[in-house]
Amino acid sequence: MASMKHIVLSIVATLGIFCAVLYTSCSKDACKGTTCFNKGTCVGGLCQCVTGIEGTNCEVVYRKRYANTYRGNTPNNVGHAKFNNTLTFQEGTDTTDFNKMTLVWFDTSGYAVTMPITLRDHSAAGSNFTVTETTYGNKKYIGNGTVNANTASLHLTETDVSGGVVYLTFSDFYKQ
């Protein structure tokens, strides 16, 4: 009878050790219950966001902050209306590159140019951007600027077919 107790005790002890080793060797999924949005991926229970996205769960898309109309005057722009120009930043629909937007410049003379832009250097204070070379009529535009939730600025180089160059400055444009 004593040997039966020893056998049962040995089996229970062996089974207990086996279960303890098996339980501690299983890795728990740190990402279980973590949802990352906008192409974010979970690593070790935390979301890693792609460029242009922020937030605990990658829920904040920077370009949404800038999708506004900004209005101002352009005192140095030759050949264009100088007062009540608008810069409209459109969010776009690209869900693979969250840095892409469209910028529409409209002046009161009826001149309107739509330009693709790429945001960079995101922060809570705003972003710099680059204008992709754009042709409108017989003119080409390229440039850069800054935008945040309240203000925008833009520096464009306008080149016409004859080679004439005009530098356009849009500064202190305010959200409408």
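The dialogue below takes up the overall fold, the disulfides, the salt bridges, the strand pairing and a surface patch.

Student: On what basis is the model to be read?

Tutor: This is a predicted model, in which local features need pLDDT of at least 70 and side-chain atom pairs count only at pLDDT 80 or more, while totals for chains, interfaces and linings use all residues. Residues are numbered from 1 along each chain as its sequence is written, and side-chain values use heavy atoms, with hydrogens and water left out.

Student: How many helices and strands does the protein have?

Tutor: Helices (H or I, at least four residues) and strands (E, at least two) are DSSP runs, numbered from the N terminus. Here the secondary structure comes to 2 helices and 12 strands. From the N terminus on, the order is α-β-β-β-β-α-β-β-β-β-β-β-β-β.

Student: What share of the residues is buried?

Tutor: Buried means under 20% relative accessible area, exposed means over 50%, and partly exposed lies in between (1.4 Å probe, protein chains only). In this protein, buried residues make up 30% of the 176 residues. The accessible surface, from the Shrake-Rupley method with a 1.4 Å probe and, for residues, only the protein chains shown as cover, comes to about 10,500 Å². Carbon and sulfur atoms hold 58% of that surface.

Student: How many disulfides are found, and in what pattern?

Tutor: A disulfide is a covalent bond between the sulfur atoms of two cysteines. The criterion applied is a pair of cysteine sulfur atoms within 2.5 Å. A search of the whole structure finds 3 disulfides. With bonded cysteines counted along the chain, their pattern is 1-3, 2-4, 5-6.

Student: Which parts of the chain does the disulfide of C31 and C42 link?

Tutor: C31 and C42 are joined with an S to S distance of 2.1 Å. This pair links distant parts of the chain, 11 residues apart: C31 is in the loop between α1 and β1 (41–43), and C42 is in strand β1. The torsion about their S-S bond is about -90°, so the disulfide is left-handed. C31 is buried at 19% relative accessible area, whereas C42 is partly exposed at 25%.

Student: How many salt bridges are counted?

Tutor: A salt bridge is a side-chain nitrogen of Lys or Arg within 4 Å of a carboxyl oxygen of Asp or Glu. By this rule the count comes to 5. In one of them, R65 meets E54, the closest N and O atoms being 2.6 Å apart. R65 lies in helix α2 (residues 62–66) and E54 in strand β3 (residues 53–54), so the pair ties together parts that are 11 residues apart in sequence.

Student: Is R63, which also forms a salt bridge, buried or exposed?

Tutor: R63 counts as buried, at 3% relative accessibility. Its side chain meets that of E91 in a salt bridge (3.8 Å, N to O). R63 belongs to helix α2 and E91 to the loop between β6 (85–90) and β7 (100–106), 28 residues apart. E91 is partly exposed, with a relative accessible area of 25%.

Student: How many bridges join β11 to β12?

Tutor: Two strands pair if DSSP finds at least two bridges between them. Strand β11 (residues 151–160) and β12 run antiparallel and are joined by 8 bridges. L154 stands opposite F170 in β12. The hairpin of β11 and β12 has 4 residues between the strands, and there G163 takes a positive phi near 95°. Strand β12 (residues 165–175) also pairs with β5 (residues 69–72), in the antiparallel sense over 2 bridges; R71 has Y174 as its bridge partner in β12.

Student: With which residues is T157 in contact?

Tutor: Contact means heavy atoms within 4.5 Å. T157, in strand β11, is in contact with K140, Y141, I142, V165, V166 and Y167, leaving aside neighbours within four places in sequence.

Student: Which residues form a nonpolar patch on the surface?

Tutor: Patches are made of residues with over 30% relative accessible area and no salt bridge; like charges are joined within 9 Å, and nonpolar side chains (Val, Leu, Ile, Met, Phe, Trp, Tyr) within 5 Å. Here M4, I7 and I11 form such a nonpolar patch, with about 310 Å² of accessible area together. M4 lies in helix α1 (residues 2–25).
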